[in-house]
Amino acid sequence: MAADYQMKLAPQTLENADAKAKPLLEKAHAKLGFVPKMYEGMAKAPGVLDTYLHGYTLFREESGFAPPEQEVVLLTISRLNGCKYCMAAHSMLAEKMSQVPADVIEAIRNDQPIPDERLAALSAFTKVMFETRGMPTQRDVNAFLEAGFEEQHVLQIVLALAVKTLSNYSNHINHPELDEAFAGHVW
């Protein structure tokens, strides 16, 4: 299902950003070498972009998940939310930065069984958290823990859900063009 509403507010770019959005965009440019179109849309409400960037950094740096596991969580949520932009971006990151096996990336992108038991359990539990609005059963949690994860990881998935809700929903209403960096991973 595609969203038919698109915000009319102009994206906040390095050239036209207000005093709250500009430092966020400048920091992104310094770190990435470009400002993702998604950020320009989110910067229409600088608190959305600021909260996203803060939560994303915390998830990346402090979740306790290895980089391939992080991508499995973020790709799973983005697929469940139907976010084409984030699916492309995280597919590129999964391949080029996080070293996720290609068959795992393709399985998530195509909603197929994941050929790695631990990553399959992680994706399955992420889906449970998404679909139950954070109300897993004891059985769901036990299966997650038996796959080698820790109880603290349950809350880290909550953080990822919050972060991806900000980006996925913003993308649904902003319809950002896919950046050239992600173009090879269209979903």
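The questions below go from the overall fold to one pair of helices.

Modeller: This is a predicted model, in which local features need pLDDT of at least 70 and side-chain atom pairs count only at pLDDT 80 or more, while totals for chains, interfaces and linings use all residues. Residues are numbered from 1 along each chain as its sequence is written, and side-chain values use heavy atoms, with hydrogens and water left out.

Biologist: How many helices and strands are there in the protein?

Modeller: Helices (H or I, at least four residues) and strands (E, at least two) are DSSP runs, numbered from the N terminus. Along the sequence the pattern reads α-α-α-α-α-α-α-α-α. The count is nine helices and zero strands.

Biologist: What radius of gyration does the protein have?

Modeller: The radius is taken over C-alpha atoms, and the globule rule is 2.2 Å times the number of residues to the power 0.38. For 187 residues a compact globule would be near 16 Å, and the protein agrees with that, at 17 Å.

Biologist: Are H7 and H8 roughly parallel or roughly antiparallel to each other?

Modeller: H7 (residues 117–131) and H8 (residues 138–146) pack at about 155 degrees, with axes 9 Å apart. Axes are lines fitted to C-alpha atoms, for helices over the stretch in contact, and angles run from 0 to 180 degrees between N-to-C directions. Angles under 35 degrees count as roughly parallel, over 145 as roughly antiparallel, 65 to 115 as roughly perpendicular and the rest as oblique. The pair is therefore roughly antiparallel.
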